[in-house]
Amino acid sequence: MKKASILMIIGALLLTSLFKFPLWNIMLGAPQYPEPLGMNIYIDGIQGMNEFDIKNIDGLNHYIGMKTIPKPKDMWEFSVFPLVIGSMSAFGVIIGLLGLFGKVGYHWFLGWLIIMTILDVLGMYDFNTWMIDYGTNLDPKAIMKLQNPDGTPMSYKPPLFGHQKMLNFDAYSYPRLGGYLMGVGMIFTLVAFYVGKRSKITNDENTI
Amino acid sequence: MKTYKFQLLSLFGALILLTSCGNNNGQNKSSGALNSSNAEKVYVAPGEHDEFYAFMSGGYSGNLTVYGLPSGRMFKEIPVFSQFPTSGYGYSEETKPMLETSHGFVPWDDSHHPDISQTNGELDGRWIFINGNNTPRIARISLTTFETEEIIEVPNSAGNHSSSFVTENSEYVVAGTRFSVPIPQRDMPINEYKGNFQGALSFISVDPKHGHMDIKFQIIMPGFNYDLSHPGRGKSHGWFFFTTYNTEEANSLQEVNSSQNDKDFIAAINWKKVEEYVNSGGGKKVPAKYAHNIYDEATHTATSTMKKEVLTVNPLDVPGAVFFLPTPKSPHGCDVDPTGNYIIGNGKLSADLTVHSFDNMIAAIEGEKFDGEAYGIPILKFEDVLAGTVKSGGLGPLHTEFDGKGNAYTTFFISSEVVKWKLGTWEVIDRKPTYYSVGHLMIPGGNSRKPFGKYVVALNKITKDRYLPVGPEMEHSAQIYDISGEKMELLYDFPTHGEPHYAAGIPAELLAPKAKKIYRLDENKHPYAVTSPDQARVERKGNEVHIYMSTIRSHFTPDNIEGVKVGDKVYFHITNHEQDFDVPHGFAMIGQNSSELLIMPGQTKSSLWEPKQVGVWPFYCTDFCSALHQEMQGYIRVSPANSNIEISWSLGED
């Protein structure tokens, strides 16, 4: 259980990397942008890959009537996400410590992981909802009003994950370092659960 | 960031060549194989970058052009001494002061000898200097923005030709006079030239931090013509060498009268000694009038100040600082090899090259072996300073560059060729024709301690039939040769803009990574800049109207302006709000007696319009900035002089 608890603590602490590193990244490349424009999505806001990328993405988006890229104050998510991540990390560390001193069992680790997974799914859902709104809720006076072959207005929603061709742009949407470290942390807590479970069984067998 | 794959490419090319040699034993000498390998050597694939920058002087264009080597592609014309309607240089309110001189606004010059700043005798890629030959001026161009940042006029000089060469640590950029003139200028008979006219050699200090130039001192020399110059380097650092002609001091029909002496001189100047003399209070301040123009990158604006005096030095007051080295046949080019030991005088009326040795010169000076004097300046014995003579077999040697591997390359104008010869043995190794009548040649870094001896470019004076005919007036031709082997190989031939005299080359990796992409809007200190569109406005001050305008794809703010009257002086101050690489906006106003403005991202430029007719007059963006570039336009209503319509402006209001 000692090994499991340490894994749990490390896994929960890895979440804090999200305060330093971006969760997600969207890159936009085009013939005129051999150096693609890019956005890093942090839990507390969006930043350009290069200093003026956000300004330039906004400049391009005005042709199709998209809203500007939100500032931290424009979205409640950017104040709530840090609280959620901070709380979950602290909570994970606490149950890890309690596990270390034998106060709680390995089931708590799984419980933490389930809550975290639900929060992640909710976060992704929220992210996707925002992108749908961003990509479809366009200024009716937009300079360029493009339609799909079936006559419906074209959506400029970037892909939730992976690559998509949008007009002259190739959009790429993938997790970034913070997101990967969070994933690794969550795997650690899953391993913590299994290691805890095995040591419990071994202990029980030894006791018998 | 692009990588410089040409070496890889040429390696690949060499590999192909090797392979083909293996496959076609005995057939590899066909001219076909040779030609295709030459094509590969200058081929820079689409999207790839050249290995070297080449800065070619524009000659009578007054500017400086930027080329890539080995491709010969032209990237930019940098306006220096000439008005340039393409960007508005010399037309915009900000850049008009750059062309101010003691003679007033001079919108043109004849640019000759670019030289890149050096540290420890090696190219450092901070600035490039170039001389204006006609109205003597030296310009400094930034190698991050590739724009002219500073121009200083050189007083007491006329025909600023033995310029603008930098010392080993860019302590000085040196400007020598071609014409000797009365100093100070005065009304006197021309035929009293001899003994009365003098030649000024100016040492212009370069501030190591921001590059600002200041004339530290002028050495007032005898009335010869100071043709070309180069700095000492390595062991000869601290000396500067100038070729002279017209030591006859003729004032008319110089082509004959200046060609009578069998030998003219190379003037060797120990500038360190003169500097010490000046620093300890020596020299004489004399009245002089010369303009000093500085462009400030933060305000995007140039200012011109008129200077009132200059420090002159009589060479006789600094013993041991100036000597004459007899050099045959009106020497033109004056070139110093990478070690600093050999000083080459290219006697332009001769078949031979004269090579002096710095060591011999110092020994002769120490041994006081003088062969008379000229106006009190000691003349060293020709035989004592001579290191060797290159019996070239060519005719009309002009300029020499070095490959850093012990070889020198000299151009021959009359016999139209480049001759490769060996330093020390003076033997000729190879010769290749040029097309036609080559003037200067250029090896990147070829006049520094560290040449990059891969290519030499011959800059020719005569083009004739090299390209498709375009009438009597045409561009000059250049040829690039591969000099990596024992024999030179002609690779390619391309036209150059204006009349390039000298050129300067530098490896791309020293400049490309630091080339600026945009000007930061948040660093724009232009007094008429607007940093956000809500600051855009129009203000009337008497009959002056100032329009503070901003641009972003794809509109001007404001784009409808009323209340302007006939007789007003309307100033457009336009700030480009883009912060994206290569998104300039242009501005042109119908009937404006000026050029357009081309405004880079983050930059502010101004121009003056004096409306003469009542009406509603349009303006538009001249740079195809976006898909809606054609919509980027606006109107100004011009009312009669006596109307009382108030100034108003708008954007997007119905």
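## Chain A: elements and dimensions

From the N terminus, the elements of chain A follow the order α-β-β-β-α-α-α-β-β-α, giving five helices and five strands; helices (H or I, at least four residues) and strands (E, at least two) are DSSP runs, numbered from the N terminus. This is a predicted model, in which local features need pLDDT of at least 70 and side-chain atom pairs count only at pLDDT 80 or more, while totals for chains, interfaces and linings use all residues. Residues are numbered from 1 along each chain as its sequence is written, and chains are lettered from A and ligands numbered from 1 in the order in which they are written.

Chain A is more spread out than a compact globule, because its radius of gyration is 22 Å, well over the 17 Å that the globule rule gives for 208 residues. The radius is taken over C-alpha atoms, and the rule is 2.2 Å times the number of residues to the power 0.38. Along the principal axes, the C-alpha atoms of chain A fill a box of roughly 75 × 35 × 30 Å.

## Contacts within chain A

Among contacts in chain A with a separation of 6 or more, 66% join residues 24 or more positions apart; a contact requires C-beta atoms, placed from the backbone, within 7 Å.

## Domains of chain B

Chain B is divided into domain 1 (6-42), domain 2 (52-514) and domain 3 (524-650), with bounds from an automatic or database domain assignment. The C-alpha centres of domains 2 and 3 of chain B lie 43 Å apart. Their contact takes twelve residues from domain 2 and 15 residues from domain 3.

## Contact between the chains

Five residues of chain B are in contact with five residues of chain A.

Conventions: Two residues are in contact if their C-beta atoms, placed from the backbone, lie within 7 Å.
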